[in-house]
Amino acid sequence: MSNLRAIDLFSGCGGLTVGLEDAGYRVVGAIERDDDAATVYALNHPDVHLWHCDIREVNEKDVRGQLSLKVGELDLLAACPPCQGFSTIRTRNGLRPAKDPRNSLIREVARFAEKLRPKFVLFENVPALARNRRFSNLVKRLSDTGYSTCWKICDAADYGVPQRRKRLVLLATSLGSPEFTNSPDARETVRDAIAGLPVPGNSGDELHDLPERRTDRIREMIHLIPHDGGSRSDLPEKYMLPCHRACNGFKDVYGRMHWDRVAPTITTGCFNPSRGRFLHPEQDRCISLREASLLQDFPGAYTFPAGLGKQRIATLIGNAFPRRMVSHHAAYLSTLL
């Protein structure tokens, strides 16, 4: 059992926890408010003490008591607060911040760091947050508490994740000065991640076998999109949907993934071809939720109860922090001990 202990704030369904465990940490506590996320987290991490409630209701003294931690004993505090309020899609391309009450939850990261005094803090969010005063305030509070910090916009694909996903990553430590280390040279592609899976339907994996429901016209349109990276722009004019004729943007909509490239960012709409380049490279369907979870870097055996429904599962997957991105930074921080 590892002597390195970590707490996962805003744990979601557990992607960050998997990355911490891969890096050699023992996650001893997690906090998550969402019912479905907490259910999936508990299924996959039954040994972690989970506070299933609003983080603002959690007293840090209760956390220390439950986990038998003294101030300064925790090795790593990891946090991925909800990012929807800072997403460029919801902020008019970053020009106008969305008024989302969850934006203020970033303050909870500072509160827990100030009260628990972990040796390291690992924080992740969308790139647009870097321009927001809430992020500047977090960095200042960490600095005032005695932490040295550094931050960078990182692409998950640079860390072996088979997906293009840019994220703001902040490292903080009370032990010296942190820095970003070189990421692995090898990139994993869509082919590496999902080519070995059987055709969905009777695979025995309920997540992979969840059925699609499309109209005949949409099925025919998908069939006509060229394999391995084809797009709706390749379709004959008569198959162009009226909404596509009227809009010159969102060109990845109804596009196929490329076998030998990384996937586009896996979002909460990853099961719907009208939400992005989420068609299988050669089969006439959208990627399955198992394929989406693999592209989001979850282990192949990670459990998502199919009864939650496609939208809820896709939301959990799309909001996760890819584990290899986590493990690289968390493993580096442990070398500072």
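A residue is taken here as buried when its relative accessible area is under 20%, as exposed when that area is over 50%, and as partly exposed in between. In this predicted model, the buried residues of helix α12 by that criterion are Met325, Val326, Ser327, His328, His329, Ala330, Tyr332, Leu333 and Ser334. Because nine of the 12 residues of α12 are buried, the helix is largely enclosed by the rest of the structure. The surroundings of these buried residues are both helical and strand-like in origin, since they pack against α1 (15-22) as well as against the strands β4 (76-79), β5 (120-125), β6 (148-155) and β7 (166-173). The length of α12, which comprises residues 323-334, was also examined: at 1.5 Å a residue its 12 residues should span 16 Å, and the end C-alpha atoms are 16 Å apart, in agreement with that expectation.

Backbone geometry was considered next. Most residues other than glycine have a negative phi. Against this background, Phe10, in the loop between β1 (5-9) and α1, has a phi near 55 degrees, a positive value in a residue other than glycine. The relative accessible area of Phe10 is 12%, so this residue is buried under the 20% cut-off.

A positive phi, again near 55 degrees, is found at Asp228, which is likewise a residue other than glycine. Asp228 is located in the loop that runs between α8 (216-224) and α9 (242-246). With a relative accessible area of 37%, Asp228 falls between the 20% and 50% limits and is therefore partly exposed.

Methods: Residues numbered from 1 in each chain as written. Predicted model: local features only at pLDDT ≥ 70, side-chain atom pairs only at ≥ 80, totals over all residues. Heavy atoms only, no water. Helix = DSSP H or I, 4+ residues; strand = E, 2+ residues; numbered from the N terminus. Expected span 1.5 Å × (residues − 1). Buried < 20%, exposed > 50% of the residue type's maximum accessible area, 1.4 Å probe, protein only. Contact = heavy atoms within 4.5 Å.
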